[in-house]
Amino acid sequence: MRFIVCIKQVPDTTSVKIDKRTGRLIREGIPTIINPEDKNALEAALSLKEKYEGEIIVISMGPPQADEALREALAMGADRAILLTDRAFAGADTMATAYSLGSAVKKIGEYDLILCGRQAIDGDTAQVGPQLAEFLKVPQITYVSELNIEENKVVAIQELEDKRVRWEASLPALLTITSEANKPRYPSAYGIMDAYREKEVETWEKKHLDIDEERIGLEGSPTSVKRIFSPEPKGKGEIIKEEPKESAEILFNRLRAKNII
Amino acid sequence: MDYSISKELELLRKTVREFCENEVVPVVEDMDREGKFPEENIKKMAKLGLMGLPISKEYGGAGAGMLGYCIAVEEIGKVCNSHGTILGAHTSLCCMPIEMFGTEEQKQKYLVPLARGEKLGAFALTEPNAGSDAAAIETTAVREGDYYILNGTKIWITNADRADVIIVLTVTDKALGARGGITTLIVEKGTPGLSVGTLEDKMGIRGSSTAELIFENCRVPKENVLGDVGAGFIVFMKGLDCGRLSLAAGCVGGAQACLDASIKFAMNRIQFGKPIWEKQAIQWMIADMATEVYAARNMVYHAIWLKETGKRFTKESAMCKLFASEILCKAIDTALQIHGGMGYMKKFPIERMYRDARITRIYEGTNEIQKLVIANMISREMRRA
Ligand SMILES: Cc1cc2nc3c(=O)[nH]c(=O)nc-3n(C[C@H](O)[C@H](O)[C@@H](O)COP(=O)(O)OP(=O)(O)OC[C@H]3O[C@@H](n4cnc5c(N)ncnc54)[C@H](O)[C@@H]3O)c2cc1C
Ligand SMILES: Cc1cc2nc3c(=O)[nH]c(=O)nc-3n(C[C@H](O)[C@H](O)[C@H](O)COP(=O)(O)OP(=O)(O)OC[C@H]3O[C@@H](n4cnc5c(N)ncnc54)[C@H](O)[C@@H]3O)c2cc1C
């Protein structure tokens, strides 16, 4: 089987600070990591590969430094890594990102499963996976916490807020994986050394892809960011300490006064 | 001069750090209280390739070099000296001498499974009458046909009861002593005549086991001589050169952890209406600690560079062991002082780290012996000059 895993290099948001003046993220000096749920996606591919054999290809679109994220994925056990990097890809929104990744997937050719993280911790939209599936016209199952391959289909549990849904999809398909799905393995020391000394990260630029220039990068992004700001911290919560019945009544009246119910 | 560390070793550092935070930290309190060998974690470390970091890929290692190994030990040193000690005895004192002095057969038979972490190693020098005075060992190895017959007792051997492969220093010619009379042998667990004696109860590094090894007419095949017959002292000195470096790297990690914990505590602990950090008395303690950690780390990395570029580093590795273990003990004492009563409580790691740190001034040669080594090397340089 052939698995494609999409990984995004993101700033480690636990150490990110925001420039008070511009409202932008201060990215300098902030360590970057593989988007956590992309590690879950890779782990899912690695354990499927252990069962069914095959090849795992990781792809990332990003600046040349995203090489580090791909090497880490190689160290964890991916077989092949592709970095989509070109100034022309910069400034992409989720649609342009999905389109570019999709063009790379088409260049790769045959595959059985694409695994994405559910959501990136920086952009946070959870849109790239679904858009990529739409672009490639393959079935998608999002928010997956369990998955398996049975005969020629993938069976997955989708984790929704109030329920778990079991889905089946024919292959090839695209799944977005949540952090509940597994505990990603550590790269081994052997894997780490090989990732840098034996393996390669292929670099694909715009010219390597059959791509419509108007649909990539900033130009190809219909979204424009109007304003970036840090939301004011919410006011202090209030605790209503009356007897349950009275508390409920007070709460009801407050909510009604605010037109919430 | 290039002080940068390669990307692969940075990834190795990050990985070991995550491993320590997620797998080591949660078990250390229990491990320390019960004096329990962290068996599960050693298995996990084996799977991650951490049991053969400096050993070449050809012999089952990760090929991460002395620097990769020491970076890992430094990270482990930040959280647990028991884990560090187990790893150090195995890697520096068992795997590395076999890689340096072993025959091809010995490497295939012993080093490959050791470096893969399928087997655990130990190194047995110390005896009741031979501590600092290593040449005074009394365990004999007498040639009988294709075997050496070993008799004697080794004490305080790290990993002794767990080890599959033990490097043992023996006397093959009493008259020659350290100059040709001492031979190193590789002894396998389960060899008839080898048994494990008392398991020690210790002040610190309670997760690492320290035990007696008893040899009673223990028959070891002659192919198991490591290095040349009579050249045992060289094997052990070269092994210790590496051991002292990795030990020092662990001390740097430990001292760094003391510094980090002290800064965090001092910034948060309010007394007299302000964080204690604002007191100059505390700032000076932390400034000294930070300076010493910086100095020790640079010494260690420099000595690693000497080793990796094939230069002599015996004197420097003794200096690193001496200095790094001293500043670790000072740093943990200062950290405990900064934490006040909190530092004395078993609930917090400072108390354990205080007990764990103390051994670093004793094993792999006491710090007095390091000074002796340094002075000897200086005399030698003077003679040569
Ligand atoms: C402050 C800010 C605001 C933004 N606002 C918008 C906006 O309003 N609308 C908009 O469309 N875009 C916006 N973007 C851009 C958008 O976040 C990224 O351009 C897009 O690359 C990825 O979207 P995401 O981070 O939300 O990923 P998600 O859709 O959350 O990611 C899901 C999964 O898709 C895969 N994936 C995502 N990106 C990549 C990649 N580059 N390479 C490989 N795999 C990938 C990963 O598997 C990931 O786990 C904004 C960016 C910033 C920094
Ligand atoms: C937890 C632990 C683990 C150990 N693991 C191992 C192991 O895996 N393998 C192994 O072989 N050994 C091991 N040892 C033994 C350790 O290496 C010795 O304890 C150490 O070398 C010191 O020997 P000693 O304890 O006999 O002290 P002694 O040699 O009796 O020294 C007592 C004191 O006298 C000082 N002294 C001695 N000679 C001199 C001198 N010439 N000049 C100045 N001062 C001197 C010493 O510095 C020390 O302060 C371990 C010990 C411990 C406690």
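I began at A:E246, which sits in helix α6 (residues 244–257) of chain A. Helices here are DSSP runs of H or I with at least four residues, strands are DSSP runs of E with at least two, and both are numbered from the N terminus. The model is predicted: local features need pLDDT of at least 70, side-chain atom pairs count only at pLDDT 80 or more, and totals for chains, interfaces and linings use all residues. I noted that residues are numbered from 1 along each chain as its sequence is written, that chains are lettered from A and ligands numbered from 1 in the order in which they are written, and that side-chain values use heavy atoms, with hydrogens and water left out.

**Entry: surface patches**

I looked up how open A:E246 is and found 45% relative accessibility, so A:E246 counts as partly exposed. The cut-offs are under 20% relative accessible area for buried and over 50% for exposed, with partly exposed in between (1.4 Å probe, protein chains only). A:E246 forms a negative surface patch together with A:E242, A:E243 and A:E249. Patch residues have over 30% relative accessible area and no salt bridge; like charges are joined within 9 Å, and nonpolar side chains (Val, Leu, Ile, Met, Phe, Trp, Tyr) within 5 Å.

On chain B I found a nonpolar surface patch of about 420 Å², made by B:M342, B:Y344, B:M345 and B:F348. Accessible areas come from the Shrake-Rupley method with a 1.4 Å probe, and for residues only the protein chains shown count as cover. B:Y344 belongs to helix α9 (residues 341–344) of chain B, and its 64% relative accessibility makes it exposed.

**Entry: chain A as a whole**

I listed six helices and 13 strands for chain A. Its C-alpha atoms fill a box of roughly 70 × 50 × 40 Å along the principal axes. Chain A has 261 residues, and 44% of them count as buried. I then took the contacts in chain A with a separation of 6 or more: 71% of them come from residues 24 or more positions apart. A contact means heavy atoms within 4.5 Å. Chain A exposes about 15000 Å², with 49% supplied by carbon and sulfur atoms.

I also looked up the charges of chain A: the mean positions of the 37 positive and 44 negative ones are 5 Å apart. Lys and Arg count as positive and Asp and Glu as negative, while His and the chain ends are not counted. Each charge is placed at NZ of Lys, CZ of Arg, CG of Asp or CD of Glu.

**Entry: helix α4 of chain A**

Which residues of helix α4 (residues 128–136) of chain A are buried? I found A:G129, A:P130, A:L132, A:A133, A:F135 and A:L136. They pack against β1 (2–6), α3 (94–108), β8 (113–117), β9 (140–150) and β12 (173–177) of chain A. Just after α4(A), A:K137 has a positive phi of about 55 degrees.

**Entry: salt bridges**

Side chains of opposite charge can pair when their charged atoms come close. I counted a salt bridge when a side-chain nitrogen of Lys or Arg is within 4 Å of a carboxyl oxygen of Asp or Glu. Over all chains the structure holds 49 salt bridges.

I looked up B:K57 and A:D194, whose side chains meet in a salt bridge at 2.7 Å, N to O. This pair joins two chains, because B:K57 lies in the loop between α2 (39–47) and α3 (65–79) of chain B and A:D194 in helix α5 (residues 189–197) of chain A. B:K57 is partly exposed at 44% relative accessibility, and A:D194 is partly exposed at 22%.

Within chain B, the side chains of B:E75 and B:R13 meet in a salt bridge at 2.9 Å, N to O. This pair links distant parts of the chain, 62 residues apart: B:E75 is in helix α3 and B:R13 in helix α1 (residues 7–34) of chain B. Both B:E75 and B:R13 are buried.

**Entry: backbone angles**

Most residues other than glycine have a negative phi, and most peptide bonds are trans. I found a cis peptide bond from A:L171 to A:P172, with omega near 0 degrees. A:P172 is in the loop between β11 (164–170) and β12 of chain A. A:E53 has a positive phi, near 65 degrees, and lies in the loop between α1 (36–52) and β6 (55–61) of chain A.
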